[in-house]
Each structure stands twice: as C-alpha cells, then as structure tokens.
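Please read these points alongside the coordinates.

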Amino acid sequence: MSLKIKHLNGDTTFLLTFSPTEQRPALNSYGHPPGTFSVLVDPWLSGPSTMWHPKFLLSKHTVPSCISNLSEIPEPNVVLVSQDKPDHCHEPTLRQLDPTSSLTNVLAIPAAAKKIRGMKHFHPSHVHALPVYSSKDEDSIIRFYIPPLTPGGSSGEATIAYVPAKMDVSGLHNAIGITYRPPTAAPLRAQHTPPSSTCSNFSLPNPQQYQLNNMPPTPPDTPNQRPRSLSASTNPSTLSTASSTSPALSQTSSVSTVPTTSYTLHAHSPSFHSPSFHTHTHTHSTSSTNSIRHHPRPAKALSVIYSPHGVAYSPHLSHYATTHLVPQAALPLTSLIHGFDRVENPWYMGGNVNAGLPGGVEIAKNLMARCWIGAHDEDKENSGVSVLKIRMRKYGLGEVRDLVRREWNGGGGGGCDVRALDCGEELVIK
C-alpha cells in the first residue's frame, strides 16, 4: 500500500491519495483505481482571502497554484476543511466542486461546516461537521467502508478524527487524524473456485460504492457488530466508489499547469514495538479496559496527522494515539503535515498563531513519524490590522532537519524524512 501527497498550492492545500497497491489497476467509472481513497485538504487555489473585512485581514498567494480549477483533478472522496478561516475555507474555490456529485463529501470542523452549508452550494446531506474525538464515543470517528477488491477479499477502512486544542481562544489549533487500511483481493485459489451453494447468500458490498458509517474499530476478522449510520441524512448510495484522486502513483498527473516533481519514499522497516497501552473496549461499561495485546492483531494501516497551525502533543494527540492509532496498527505515523515557521500575535489578538518547528518536532518524535511535510509556510502577501503586530520566526529546511536529527534517538539520526514540497511536487510513501 502507499500514500501519495501532492502539494497543490504554496500554502496548505494538499491532495492525499491512499492506495492498496503500487501498480496501476483498472479505473472505475469515476476515473479512480479500485480500493483507493482520496482526500482534498483545505482547498484555496487563487484569489484573495479576506477575514471579515480587507482592512482587518487580506491575504494573497505569492506562488501560483499548480492547477487553476478543481475540475482539473479527479473528484476526491472527501474534502477536508480544518478551519473556518478563509485561507482554509475558501468559498470561491469550494464552489468549483460539483454540487451534484454523488462521490464527494465535505467534512469540516463545526464552524466551517456551518459556513459551508450557508453557501447553499452543496446538498446539506453532503456536508458533515466533524465531532470532537473521544475514546468513549464510537460516533466521534468518521469511518469509510472500502469494499474488497474482488469477491472473497477483505474490506478496508478509512477513518477521520478531529482533535481540537482545549481552551484555545484563537480557535486555530487542532489536528485531524486520518488512517487507511487497504482492502484486499481474494487469494488466487479462491478467485478461481466456482461458487458453492454455501456462498449463495453472501452479500458482497457494491464495489462501486463507499459507505460512510460507524463500523467497529477493529479489523473485519473480529466478531460481527451491526454498523450504525453516521446520520439519518447520510445515504450510502450517495457516497460512491473505491477510488483514487490521480493516475498511477509512480506518475505525475497531466492536469497540472506547471511542471511537477515526484519523489518516492520507501519503507525503512522501523523497529517499533507497541507499548502495553490500554484502550476502551467500547462495551456498555465505559470504565472497563483491556490491554491491546489481547485483541486480534489488526492489519497494518497508513496514518496522517494534519495540523497546519499545530496542537500540543500532550494531552491532545497522545490520547488519540494511544486509544486509536495503536489499536489501528497505524504507528509509526506515516506522515505529519505541520508548519515549520512559528508565528505569534499579542495575547489580546489571540496569542500563538502557528506552533511551527517546536510543536511539530514533539509530535514527530512521539509518533515516530516516517515523514514530516511542511505546511502553511507560504510567504503570502498579508495586509490589515490583524497582522500589524505579527512576529514570525522562520525556520529553513536545514534547521528543521538538524533539530529532528538531534531530538530523534538522542541525536543518533532516525527515520523521519523532512520535506518542504514545492507547489506541484508530490511524494509517494510506500
């Protein structure tokens, strides 16, 4: 399996493509390889970003985006909006999405979801507010069921969770966690075995659909549990197909209007042994806990933490890691997407804006991130009273790598590949 991360603008718009295979399978009717899952993050392609009034804050890109319209990329399964601020929740760019699409769903933090519904561009059933993650509430994880690649194979699952900072006056600091466990095809023997009468009542999920639902957090070989719908308005028939957002992972999409560069980061087989963490068993008694050693070993999952403004690892992300990432077999973290530069405002203007390198290195170290990609560090053209008192500490790529090297394994180096992707560049992690 692999993860392709493509930087679509100079700031914090990314296209994430999770794939079960490294080869290019046949495309389905949406132009996506079966079994893949795609997420478009915080789309802002062009035009100004204005908060309240241009005299308060007006931002403009200084680096042209690698595409001019979202129609130039295949429809994503999810459009993820991490802030209600216009540089993350950019109305003109969001309006480029097809409102009649049966594939794309918008997942946004509550304030952004309210703002997007107010645009009246999307059907309300396609816009979902992300609940705050809680290990005691199964419904706080958004789950996507991914059908098997062939009859007799195993289904996959993608999850999305929202982890905001507590007591955050600015409302900027959060993290969104994504995991992906790929579907599989049946063994060759099973594929060539004629169906028997004992299989006549087997109900195979439609391979042309995704279902957004609340499935058990453990892999498919655990005891059956009836999944519950995210909401009454969520119709699985509107959340279609196993997909990918771009052509083969080893190739660069031809829709880009500027040259793109592709990198491949291969697995380095890190030595990682999960500590004996404890997690809620999701029974009716929320106080009971079992060691994860006693659960069936789950299939390995890819994982991403997206936190453009940063959030403290402890207590926010540490709880998510021990109660979700560990049971999902999603550590070491596949990729951290987090800013390098630290930005501060006076306390009466909200205080810290971007946690930058100091916050990011703590997350990368604790989650043993294989890759850290910089985000939200574009030198934008900003004006307005909100930026008059801004103080910024910029960190070069070399500085970030040096600090990661010192912090990682007591200065002995490590497996975290730190990257600053240019607009249009992409990285494939296998």
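Is Lys394 buried, partly exposed or exposed? With a relative accessible area of 36%, Lys394 is partly exposed; buried means under 20% relative accessible area, exposed over 50%, and partly exposed in between, with a 1.4 Å probe and protein chains only.

1. Basis. This is a predicted model, in which local features need pLDDT of at least 70 and side-chain atom pairs count only at pLDDT 80 or more, while totals for chains, interfaces and linings use all residues. Residues are numbered from 1 along each chain as its sequence is written, and side-chain values use heavy atoms, with hydrogens and water left out.

2. Lys394 and Asp341. The side chains of these two residues form a salt bridge, at 2.6 Å from N to O; the term stands for a side-chain nitrogen of Lys or Arg within 4 Å of a carboxyl oxygen of Asp or Glu. The pair connects distant parts of the chain, 53 residues apart: Lys394 is in the loop between β23 (391-393) and α6, and Asp341 is in the loop between β18 (335-338) and β19. Helices (H or I, at least four residues) and strands (E, at least two) are DSSP runs, numbered from the N terminus. Asp341 is buried, its relative accessible area being 4%.

3. Helices α5 and α6. Helix α5 (residues 356-366) packs with helix α6 (residues 397-407) at an angle of about 40°, and their axes are 10 Å apart. Axes are lines fitted to C-alpha atoms, for helices over the stretch in contact, and angles run from 0 to 180 degrees between N-to-C directions. The two helices are therefore oblique to each other; angles under 35 degrees count as roughly parallel, over 145 as roughly antiparallel, 65 to 115 as roughly perpendicular and the rest as oblique. The crossing of α5 past α6 is right-handed, a label used if the near helix is turned clockwise from the far one by less than a right angle, and left-handed if anticlockwise.

4. Lys365 and Glu407 meet through their side chains in a salt bridge of 3.5 Å, N to O. Lys365 lies in helix α5 and Glu407 in helix α6, so this pair ties together parts 42 residues apart in sequence. Lys365 is partly exposed at 42% relative accessibility, and Glu407 is partly exposed at 33%.

5. Other charged groups. The count comes to ten salt bridges. One of them joins Asp84 to Lys85, with the closest N and O atoms 3.1 Å apart. Asp84 is partly exposed at 25% relative accessible area, whereas Lys85 is buried at 17%. Arg143, Glu157 and Arg181 are linked in a salt-bridge network.

6. Buried positions. Leu107 is in strand β7 (residues 105-108) and counts as buried, at 0% relative accessibility. Ala186, in the loop between β11 (174-181) and α3 (188-191), is buried at 5% relative accessibility. Ala186 and Gly153 are 33 residues apart in sequence and 4.0 Å apart from C-alpha to C-alpha.

7. Surface patch. Trp347, Tyr348 and Met349 make a nonpolar surface patch of about 420 Å². Met349 belongs to the loop between β19 (342-344) and β20 (352-354) and is partly exposed at 34% relative accessibility. Patches are made of residues with over 30% relative accessible area and no salt bridge, like charges being joined within 9 Å and nonpolar side chains (Val, Leu, Ile, Met, Phe, Trp, Tyr) within 5 Å. Accessible areas come from the Shrake-Rupley method with a 1.4 Å probe; for residues, only the protein chains shown count as cover.
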